[in-house]
Amino acid sequence: MTAGHRISGLLGSAEMARAFTIAVLAAVFSSLSIERMSSPVTLATVISLLCVLGAAILWVRREELSLLRVAPTSLLVFLAWALVSLVWTTDKSDTLFAWMALLGYAFLAITVGHIRDTLQTVRALGDTLRVLLLVSLGIEILSGVLFDVPFTFLGVQGNLALGGPIQGIFGSRNMLGFVAVIALITFAIEWRSQSLEARIAVPSIALATMLAILSASPTVLVLAFAVGVVTVALTIVRHAPAERRDAVQWVLGALVAMALAAAFALRHPIIALMDAGSDFSIRATLWNTILDFVAVKPIQGWGWFGGWPAGEYPFNYINFSLDDHHQSALNSYFDVLLQLGTAGFVLFLLLGGIATVRSWLVASVRRSVVYAWTPLMLVTLAVESMFESFTIVGAGWFLLVLCALRAGQSRSWRENIDAAQTGVIPTLRAEG
């Protein structure tokens, strides 16, 4: 056997697929720590090398792939529009680098989505988040209890002995809360799918719950409530008789619409109950200012930047006028609207919306509980996007692309085209 065959065999092996997935997840969810402990160049190098390795793996596995199903159309159009914004952006180099980061994380998600099935992805994510949450807790103990000194290079304030808020290795309490909720969903799915024993699952769930509480993030309560409601709704749909499932879906849809209308009408008492009045007031002021700039370039936006560059217009002017130092719009939807205009905003909604509908329909008819992971993740991302811009950069963007790809693999017009070309009728493949 030649060296080339040995390398191809290694790249195409199941062991390489698992190792690559773990490496990608660890790098993606540790992005902020990598950047702060070294530099943005180091992070870019890590992501680039993983992309090169991912491309090699996909090339070796090219016979398993269908060109039509490599990536969702909505994702490709969104990426294309972000790239086109180079034409009118205020800083072409910053936009190009931000777009390359967007593409890099998306490519890693696409690679993982093609070499791992849903259950394998859930298990890999669960293993990764268990370690990262334990590391976060360990660092908070060192900073807040043993040394009683803030670890400023990681953004850790050392408030564990005071009961929080804590940040772990994720840079902010809201990001830690977001990751903790993702971990809770993942650990629960691992346990329910019987891929994880109770002796590991229960402590894992307890760890994620504890860190979510200690993060003292107001968004955790909203996320927990939203995920709980969606879980109950999905359970009802999954256990409904097939002949009545459509009616149940419509009834639940109407109830959700009424609940959203009631939440909007009662938004002020809800905000007061959550003790998040000042936090929401800051966001409302920021969003109103952003809308003034959206009105200047309503269709195309100001160009793609992802996270806000410190000295770039209009972000620097927004911060100057508010006497603040925001690094994002604190809302993914407002950020996309500001940077890519109404056109980009619609494409972003289509990317998330189509994926959510597809994954919900799949989860409602397939028996394995592991299929519930994708719609629960997408709902978490959609709700979190109303309070933070995590979904358009880093781990949040990675998860959005991964879930969109996963949803498109099961319910897509591409399946019918592939079936027409191969003569094979699409079937619902069970993943164990």
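This is a predicted model: local features need pLDDT of at least 70, side-chain atom pairs count only at pLDDT 80 or more; totals for chains, interfaces and linings use all residues.
Residues are numbered from 1 along each chain as its sequence is written, and side-chain values use heavy atoms, with hydrogens and water left out.

The protein chain has an average pLDDT (the predictor's confidence in each residue, from 0 to 100) of 85, and 90% of the residues score at least 70. Confidence is highest in helix H5 (residues 73–84), at a mean of 95, and lowest in helix H18 (residues 413–422), at 46; helices are DSSP runs of H or I with at least four residues, numbered from the N terminus. The pLDDT is below 50 over residues 416–432, a stretch with 21 contacts in the model beyond near neighbours in sequence, where contact means heavy atoms within 4.5 Å.

Two packed helices are described by the angle between their axes and the distance between the axes. For helix H8 (residues 173–192) and helix H9 (residues 198–214), the axes come within 9 Å and cross at roughly 160 degrees. Axes are lines fitted to C-alpha atoms over the stretch in contact, and angles run from 0 to 180 degrees between N-to-C directions. H8 is therefore roughly antiparallel to H9, the term for angles over 145 degrees. The crossing of H8 and H9 is left-handed, meaning that the near helix is turned anticlockwise from the far one by less than a right angle. Residues of H8 in this contact include Leu176, Phe187 and Trp191, while those of H9 include Val202, Ile205 and Leu211. By class, the contact of H8 with H9 comprises 14 nonpolar, two polar and no charged residues; Ala, Val, Leu, Ile, Met, Phe, Trp, Tyr, Cys and Pro count as nonpolar, Asp, Glu, Lys and Arg as charged, and the others, Gly among them, as polar.

Most residues other than glycine have a negative phi, and most peptide bonds are trans. In the loop between H8 and H9, Gln194 has a positive phi near 60 degrees and is exposed at 73% relative accessibility (exposed means over 50% relative accessible area, with a 1.4 Å probe and protein chains only). Asp148, in the loop between helix H7 (118–146) and H8, has a positive phi of about 55 degrees and is likewise exposed, with a relative accessible area of 57%. The peptide bond from Tyr313 to Pro314 is cis, with omega near 10 degrees; Pro314 is found in the loop between helix H13 (277–294) and helix H14 (315–322).

Technical notes:
Helices (H or I, at least four residues) and strands (E, at least two) are DSSP runs, numbered from the N terminus. Angles under 35 degrees count as roughly parallel, over 145 as roughly antiparallel, 65 to 115 as roughly perpendicular and the rest as oblique. Buried means under 20% relative accessible area, exposed over 50%, partly exposed in between (1.4 Å probe, protein chains only).
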